[in-house]
Amino acid sequence: METKILSTSEYDIELAGKILADGGLVAFPTETVYGLGANALDEEAVKKIYQAKGRPSDNPLIVHISRKEDIVPLVKEITPKAQALIDAFFPAPLTIILPKSDKIGNVVSGGLNTVAVRMPENEVARKIISASACPIAAPSANTSGLPSPTRAKYVIEDMTGKIDAILDGGDCEFGVESTVITLATDIPTILRPGAVTKEMIEKVIGKVEIAKAVLEGMKNDEVAASPGMKYKHYAPKAKVVIVNADKTEYEKFVNTRKDAFALCFEEDNIHIPKVTFGKNNDDLSQAKELFDALRKLDEMGAKKVYARIPNTNGVGMAVYNRLIRAAAFDIIDLKKPFTIGLTGQTGAGKGYIGKYLAQLGFTVLDSDKYVAQIYENNFEFLKKLQAQFGNNIIINGKLDRKALANIAFSSKENTQKLNHIVHPEVMRLCKKDADGLTVLDAPQLFEANAQDECYKIISVTAPYEMRLERIMKRDKISKEQAQQRMNAQLDEEYYINHSDFIIKNNGEDIKNQVDKIINEIL
């Protein structure tokens with residue numbers, strides 16, 4: 001197919017309108033992103049949109065109008081709240097969902113009984129719609145899943161040879177798609193955030209909810225009620241990982257990465273290849289530049305990208321919503337004290353893995369060393385242990401750790417009592433020393449309820465007889481004493497079910513297992 005490249009001249013706008021009226025496809029600018037338009041009342045024309053984009057047919061389209069009154073034939077009823085929003089905002093980057101009329105077919109609505117309608121603020125867009133004399137169904141003018149285009153050159157790259165015409169109207173103003181709000185629910189609900197914010201809408205119609213899928217993603221069986229709700233969307237070819245950290249921690253983390261790019265704010269001090277998307281405290285600039293930045297990363301050949309996390313207030317919510325889908329919800333949470341919680345069965349070889357992680361550049365905090373520290377130096381702490389487990393555990397003012405172990409590991413009840421005394425103090429000290437990429441090496445991570453303090457959890461397991469032999473040799477204890485300690489721990493199934501990764505120390509290459517896990521985490 002030959003794709004015409006049109007200008008914003010009156011002649012080309014009329015030509016674009018005629019192509020649309022005749023069942024063709026035209027890409028055109030709006031104030032948000034470039035749209036790929038077809039006659040919304042022509043089901044065959046609308047099907048061409050899905051074909052050109054490679055878009056799933058269950059993903060509904062937005063119908064664009066040029067005048068406020070044009071919404072009337074497309075919906076069953078304009079409710080009072082809908083009318084209030086139309087009066088307050090149209091034309092605007094705002095899409096309203098209402099029960100559809102019989103004029104709207106199933107192809108446009110994605111099989112739903114509702115229709116999404118908006119009146120673009122962009123004057124060229126409204127002129128094209130007016131010239132076509134029909135409502136225009138138009139998703140973003142890009143290959144499905146890729147970043148939405150805010151410049152004509154990206155539309156030309158994606159759509160040349162697939163559609164009839166592309167009208168070059170310059171750069172888009174806002175850079176992220178319109179806010180989508182459904183009024184087909186008891187409480188108006190924002191399904192996709194945009195430049196018209198929740199706060200702005202609530203000033204007009206009162207209470208508004210944010211759909212869980214905006215920030216958390218759709219459930220497997222959930223139907224997309226709006227464009228842009230799919231799990232992965234807006235994504236470049238590069239693998240994007242969001243880093244949840246403040247400015248200093250983000251810079252520290254990213255600058256130690258190799259063979260990666262940073263997607264950051266203009267003020268960030270980054271030493272690896274980078275692309276910026278706006279300023280730190282300017283969510284409008286972030287929105288305007290995000291999609292272009294994602295495209296630039298592909299142009300620069302980026303394979304892996306660490307993105308600075310935006311805030312979720314105002315227009316920032318729209319930026320975060322797009323970015324988290326571009327990253328397929330992959331986030332490294334450095335605001336948690338520990339990047340990795342390392343735990344596992346006693347005698348499984350966890351200590352060796354901790355040493356290897358230290359060689360890889362992690363700060364490894366060995367909780368056993370903190371236990372030894374408080375056993376030796378904290379008199380008040382020893383008094384608590386003595387009160388709980390008896391005078392015999394203290395000899396000449398020093399803790400007899402073997403005597404304590406014999407009592408504490410004699411039953412799960414006693415083990416729990418010891419944990420209740422020891423764990424809070426150990427965790428306090430570990431958090432104090434946490435720094436950047438930190439591993440919490442904790443045999444009793446789950447017993448201490450420290451799992452929520454860790455971004456990811458690695459558990460180490462090993463065959464029973466192998467562990468038994470190691471413990472006897474390591475601690476110079478009898479077989480019965482070793483079994484007693486093993487039995488006081490959680491079983492293997494618990495570790496497997498409550499960990500992000502399992503390392504099996506059963507003869508397999510341990511370093512290879514660790515390397516694969518760290519590559520996935522980072």
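Predicted model: local features only at pLDDT ≥ 70, side-chain atom pairs only at ≥ 80, totals over all residues.
Let me start with contacts. Among contacts in the protein chain between residues at least 6 apart in sequence, 69% join residues at least 24 apart.

Some overall figures. The chain has 522 residues, and 55% of them count as buried. The secondary structure comprises 20 helices and 23 strands. Taken along the principal axes, the C-alpha atoms fill a box of roughly 100 × 45 × 40 Å. The accessible surface comes to about 23100 Å², and carbon and sulfur atoms account for 47% of that.

Now the open spaces. Rolling a probe the size of a water molecule over the atoms shows where empty space is left. The largest pocket has a volume of about 1300 Å³. Its lining is made of 45 residues, and those nearest the centre are Thr346, Asp368, Arg401, Pro443 and Arg474. Several elements give two or more residues to this lining: the helices are α12 (350-359), α13 (367-377), α15 (401-408), α16 (412-433) and α17 (464-475), and the strands are β18 (363-366) and β21 (438-441). Which element gives the largest share of the lining of the largest pocket? That is α16, with seven residues. By class, the lining of the largest pocket has 20 nonpolar, 13 polar and 12 charged residues.

The second largest pocket has a volume of about 530 Å³. It is lined by 21 residues, and Thr256, Arg257, Leu360, Leu437 and Leu522 are the closest to its centre. Here the elements that give two or more residues are α9 (247-254), β15 (304-308) and α20 (510-521). The largest share comes from α20, with three residues. The lining of the second largest pocket divides into nine nonpolar, five polar and seven charged residues.

A search of the whole structure finds two cavities of 30 Å³ or more. The largest cavity has a volume of about 260 Å³. Of the 26 residues that line the largest cavity, Ala138, Pro139, Ser140, Glu177 and Arg192 lie nearest its centre. The lining of the largest cavity has eight nonpolar residues, 13 polar and five charged.

On to the backbone. There is a cis peptide bond between Phe90 and Pro91, with omega at about -5°. If you want to find Pro91, look in the loop between α3 (80-89) and β5 (94-99).

Two further residues have a positive phi without being glycine. One is Ala133, where phi is near 60°. Ala133 sits in the loop between α5 (123-132) and β7 (136-137). Is Ala133 buried or exposed? Its relative accessible area is 71%, so Ala133 is exposed. The other is Asp259, whose phi is about 55°. Asp259 is in the loop between α9 and β13 (261-264). Asp259 also counts as exposed, because its relative accessibility is 79%.

Last, the cysteines. How many disulfides does a search of the whole structure find? The search finds zero.

To go back over the main points: the largest pocket has a volume of about 1300 Å³, with α16 giving the largest share of its lining. The second largest pocket has about 530 Å³, and the largest cavity about 260 Å³.

Terms used. Residues numbered from 1 in each chain as written. Heavy atoms only, no water. 1 Å grid on protein atoms, 1.4 Å probe; cavity = no way out; pocket = protein on both sides within 12 Å on 5 of 7 lines; lining within 4 Å. Points joined across faces, edges and corners; volume = space filled by probe spheres on them. Helix = DSSP H or I, 4+ residues; strand = E, 2+ residues; numbered from the N terminus. Nonpolar A, V, L, I, M, F, W, Y, C, P; charged D, E, K, R; others polar. Buried < 20%, exposed > 50% of the residue type's maximum accessible area, 1.4 Å probe, protein only. Disulfide = S-S within 2.5 Å. Contact = heavy atoms within 4.5 Å. Areas by Shrake-Rupley, 256 points an atom, 1.4 Å probe, with all protein chains shown as cover.
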